[in-house]
Amino acid sequence: MGARAVKAVDRLALGCRLVLAGSLAAAAIGYASGWGLEAPLEVAIARTLSDVAPAETLNARALAAIEVEDVDLARGYADLAAELKRPLPAATLARLDAAEAPGATALRAARGVARGFATGAADSPAALGGALAADFTVVGDLRDLAGEGMKLARGEEANELILGLAAVGVAATAATLATASLAAPAKAGVSILKAARRTGALTAEFAADLGRRMTRTGGRGLDAARAAPGAAAADVGRGATGIAAVAGVATELRAVSAAAGGPAETVRLMRFVRSVDDLPELRRFSARFGKQTRAVAEVTGKASLRAFRVTIRVGELLMKHLLGVLMWVGGLLAGAVSNLGWRGARLVAARA
C-alpha cells in the first residue's frame, strides 16, 4: 500500500511539472504569435461598436444625416447610441424630433416624391420614395424601357442592367395580375435593384454578377433590345424568363426590407453588397440590427455579421486576468519545485 502511494505522489509531482511547463510554453507561444480564440458573436459586436462608435462620432453622424434630410439614418444613430448607453445630446434629439414631426415629413415628401415618381430621380430620400413607388407599378418600368430604348435608337449606350430589369418588371407586373400577386416579391426586388442602380448604390461587382445570372437564365439583354428597340416595352416574353434570375434575389431583398425599415433602406444598403451570394449575409445582418442596420453599417463600414468576428488574443486574456493567472502559475510552480513538500508527502505515503 505504501509503495503504491509513493508512486502516486511521484506521478502527481511529475504531472505538476509538466502542466507548469506546458502552460508557460502555451502562454509564451500564444503571446508571441497573437494566437487566440474567436469571441462569441454578441461579445464581438459589443467590442466592435464600442471601438468604432464613440458618442462624439454618433452625434456628428446624426447631425449630418439631419442636414441632408436623411431622417431614417439619423434615427438609427440615435437608437444605436441609446443601446450603447451613449445617448445623443438633448439638442440633437430635439432637432431629430422636429424633423420627424408630421408637418416636416409632409413637406419633405411634397418636395421630392412627385419628382422621383415622374423622372426616377433619387437625389433625396423623398425622391427615392417616389421613384420606388413608380417602380412598384408598371409606370416606372415602361418609363425606363422607353428611356433606354430611345438611347439605343439614337445610337447611344444604354444601361443594360436597367433595360433588363425593366423588362423583368413589366413581366412581373403581368404575372402579378395573372397569378393574384404571386409574382409580387419579384416585382419588389426589381424595383429595389433599379433604384439602387440609379442612385449609384449598386456596386459594379454586384451588377456584373446579377447580369451574368440574368444572361444564363435567358433574361432580356441589350443585344435583344438592339435587334428590336421599338418593341422594348412590348416584349414581355423575354422578361418573363428573367423573373427566374431575380426570384432568389427578390426574396432576400424582401426580408432585408422587412427588417431594416423598408425598401428605401434596402436600396441604400446595397452599396455594401459585392455579389448575389452576399445577400443572405445582409439578411442576417438586418435581422440582428433591425432599423439600426444602416447606422451600424455606416459606422463599421460592413454589412455582414462575419465582419464582427473578433479574436481574443492569448496575451490580452493574460493581461485581463493577470491576478488569477499569477495565482495559478504560482501554485503550479510551488508544487513543482517544492522538493521538501513532495518528500514529506512521499514519507507520509510510505508510512501509510
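In which sense, left-handed or right-handed, does α4 cross α5? The crossing is left-handed, meaning the near helix is turned anticlockwise from the far one by less than a right angle. This is a predicted model, where local features need pLDDT of at least 70, side-chain atom pairs count only at pLDDT 80 or more, and totals for chains, interfaces and linings use all residues. Side-chain values use heavy atoms, leaving out hydrogens and water, and residues are numbered from 1 along each chain as its sequence is written.

**α4 against α5**
- Helix α4 (residues 71-83) and helix α5 (residues 90-99) pack at about 140 degrees, with axes 10 Å apart; axes are lines fitted to C-alpha atoms over the stretch in contact, and angles run from 0 to 180 degrees between N-to-C directions.
- Helices here are DSSP runs (H or I, at least four residues), numbered from the N terminus.
- On the α4 side, Val-71, Ala-74, Arg-75 and Ala-78 meet Leu-93, Leu-96, Asp-97 and Ala-99 of α5, where contact means heavy atoms within 4.5 Å.

**α4 against α16**
- With helix α16 (residues 293-300), α4 packs at about 80 degrees, the axes being 7 Å apart.
- That makes the pair roughly perpendicular (65 to 115 degrees).

**Nonpolar cores**
- The largest nonpolar core has 57 residues; such a core is a set of buried Ala, Val, Leu, Ile, Met, Phe, Trp, Tyr and Cys residues joined through side-chain atoms within 4.5 Å, with buried meaning under 20% relative accessible area (1.4 Å probe, protein chains only).
- Its largest share, seven residues, comes from α4.
- Leu-193 touches residues including Phe-206, Leu-210 and Met-270.

Note on methods. Helix = DSSP H or I, 4+ residues; strand = E, 2+ residues; numbered from the N terminus. Parallel < 35°, antiparallel > 145°, perpendicular 65-115°, else oblique. Buried < 20%, exposed > 50% of the residue type's maximum accessible area, 1.4 Å probe, protein only. Lists of a residue's contacts leave out its neighbours within four places in sequence.
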